[in-house]
Amino acid sequence: MPTENKTVMGDPLPNIPWEEKPAGSNAVVWRYSGNPVIPRDLIPTSNSIFNSAVVPFGGEFAGVFRCDDNQRNMQLHAGRSKDGISWELEPERIHWQCDDPEIGHWEYGYDPRVCWIDDRYYITWCNGYHGPTIGVGYTFDFKTFHQLENAYLPFNRNGVLFPRKINGKYAMLSRPSDNGHTPFGDIYYSVSPDMAHWGYHRHVMSPCGGWQSTKIGAGPIPIETNEGWLLVYHGVLTSCNGFVYSTGVALLDIDRPWKVIYRSAPYIMSPQTLYECVGDVPNVAFPCAALCDAPTGRIAMYYGCADTVTGLCFAQADELIDWLKRNHT
C-alpha cells in the first residue's frame, strides 16, 4: 500500500500511471520501463510526437499533443487514454474556433500545456503570430476548442499557467525569446484579470551555469504543496555538439511565485537513454506535463525525448522536495 502523503495540495488520482522505483536505485526521478510511451508514428501523418500535455479527464486521461507532420509542419492534436500509457490521437489536427480571424489564422503551434482552472481546461502553446508567442485557448470536452487572444507580443515560449488564481488573478510563467533557436532565456511571471490582458511582469529565474547555463523554461503546470509551488523546468547547456536539454526542479513562494525558495543545482534528469539521445534533435529531455495523486504524492511526468517521441517518468513529491533542500543552488 502506498504511504499517505501530506505534502501535495489537490485531488486524488488513484489511477495515476505508476511504476515503482527500481530496486537499489537512489534516483529521485526514474523512467518508465516501457518508454517511449508514445511512438513517433502513432498517427499516419506524424513524423514525431513529443513535448505534449496530459491531464485527468472523466476518470481517464486526455491531452493536447505536439505532432510534427510528415511535411514537418508543427501541429496540435487531441488525444485520449484509459490508463495514461496507451494513447489514441485524433488523426486530424485541432481546428480552433476563434471570434477574431486575424488571431485565429493558423500558422503553427507547438509545445502545449493543459491546465484545469475553475470550470474548463485551458491550453497554452507556442503559437505562430508573426513569430512565436503564447497562444491561449480552452476546451470542455477535448472535442471542441476555443481560441482566445494571444497572451503576449512575439517573441515568447513556454507559457505555463498556475492551476488556480493567485491573489485573485490568473497567473502564468513564460520565457521571452527571439525568432529562432534562442541562445538565451529567463523565466518570468505575469498575471491577468481575464485571461486576455497580461501584465505586472516579474522576473523569476535566470540561467546559472552548467546544465542550465544557456537558457531555462517552465515545464509542467506547477504543483501546489504545503511548502510552495513545485516547479519542474528545463535547462539548456550549449555543448560542442549543440544544445543539451535537461530537467531541474524549483520551489516557488506560494503567494509570490516569482520568489524562488529553492532551485536545484544538479539536474534531476538528463538525456542518457537511446531514445533521449538519438532522434530529430539529439540530447533532449523536455518536461511538459505532470499528473499528481495528492494522497500519495505520486507524480507521473510526460516529457519529450530527442524531439521525436514522448517518455514517462516518476517521482514522489516529498522525496523530490527533500532532495531539493539538500541539492539547491
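The legends below describe close-up views of one predicted model. Residues are numbered from 1 along each chain as its sequence is written. Because the model is predicted, local features need pLDDT of at least 70 and side-chain atom pairs count only at pLDDT 80 or more, while totals for chains, interfaces and linings use all residues; side-chain values use heavy atoms, with hydrogens and water left out.

**View 1. An open antiparallel sheet is built from four strands in the order S6-S7-S8-S9.** Strands are DSSP runs of E with at least two residues, helices are runs of H or I with at least four residues, and both are numbered from the N terminus; two strands are said to pair if DSSP finds at least two bridges between them. Strand S6 (109–117) and strand S9 (145–147) are the edge strands, each of which pairs on one side only. Neighbouring strands of this sheet are turned by 30° against each other on average, direction ignored, where the axes are lines fitted to C-alpha atoms and angles run from 0 to 180 degrees between N-to-C directions. Between S6 and strand S7 (residues 120–128), which run antiparallel, there are seven bridges, and within this pairing Val114 has Ile123 of S7 as its bridge partner.

**View 2. Strand S12 is paired with both strand S11 and strand S13.** Strand S11 (residues 170–176) is joined to S12 by five bridges in the antiparallel sense, and Leu173 has Tyr189 in S12 as its bridge partner.

**View 3. The hairpin turn between S12 and S13 contains Met195, a residue with positive phi.** Six residues separate the two strands of this hairpin, and Met195 lies in the loop between strand S12 (187–192) and strand S13 (199–205). The phi of Met195 is near 70°, a positive value in a residue other than glycine. Met195 counts as buried, at 1% relative accessibility.

**View 4. The loops on either side of strand S20 hold Thr296 and Asp307.** Thr296 is found in the loop between strand S19 (285–293) and S20 and counts as buried at 10% relative accessibility. The side chains of Thr296 and Asp293 are joined by a polar contact of 2.6 Å; such a contact is a pair of N or O atoms within 3.5 Å, and within protein one atom must be able to donate a hydrogen and the other to accept it, with residues adjacent in sequence counted only if both atoms are side-chain atoms. A polar atom of the Thr296 side chain also lies 3.3 Å from the backbone nitrogen of Arg298. Asp307, in the loop between strand S20 (298–305) and strand S21 (309–316), has a positive phi of about 50° although it is not a glycine, and this residue is buried with a relative accessible area of 18%.

**View 5. Helix H3 (residues 317–326) has buried residues Ala317, Leu320, Ile321, Trp323 and Leu324.** These residues cover an arc of only 160° around the axis, which puts them on the same side of H3; the arc is that of the directions from the helix axis to the C-beta atoms. An α-helix has 3.6 residues a turn, so residues three or four places apart point the same way. The elements that cover the buried residues of H3 include strand S15 (223–225), strand S16 (228–239), strand S17 (242–252), strand S18 (260–263), S20 and S21, with contact meaning heavy atoms within 4.5 Å.

**View 6. Ile261 is found in strand S18.** This residue counts as partly exposed, at 39% relative accessibility. Not counting residues up to four places away in sequence, Ile261 touches Glu227, Leu251, Leu252 and Asp253.

How values were computed: Buried < 20%, exposed > 50% of the residue type's maximum accessible area, 1.4 Å probe, protein only.
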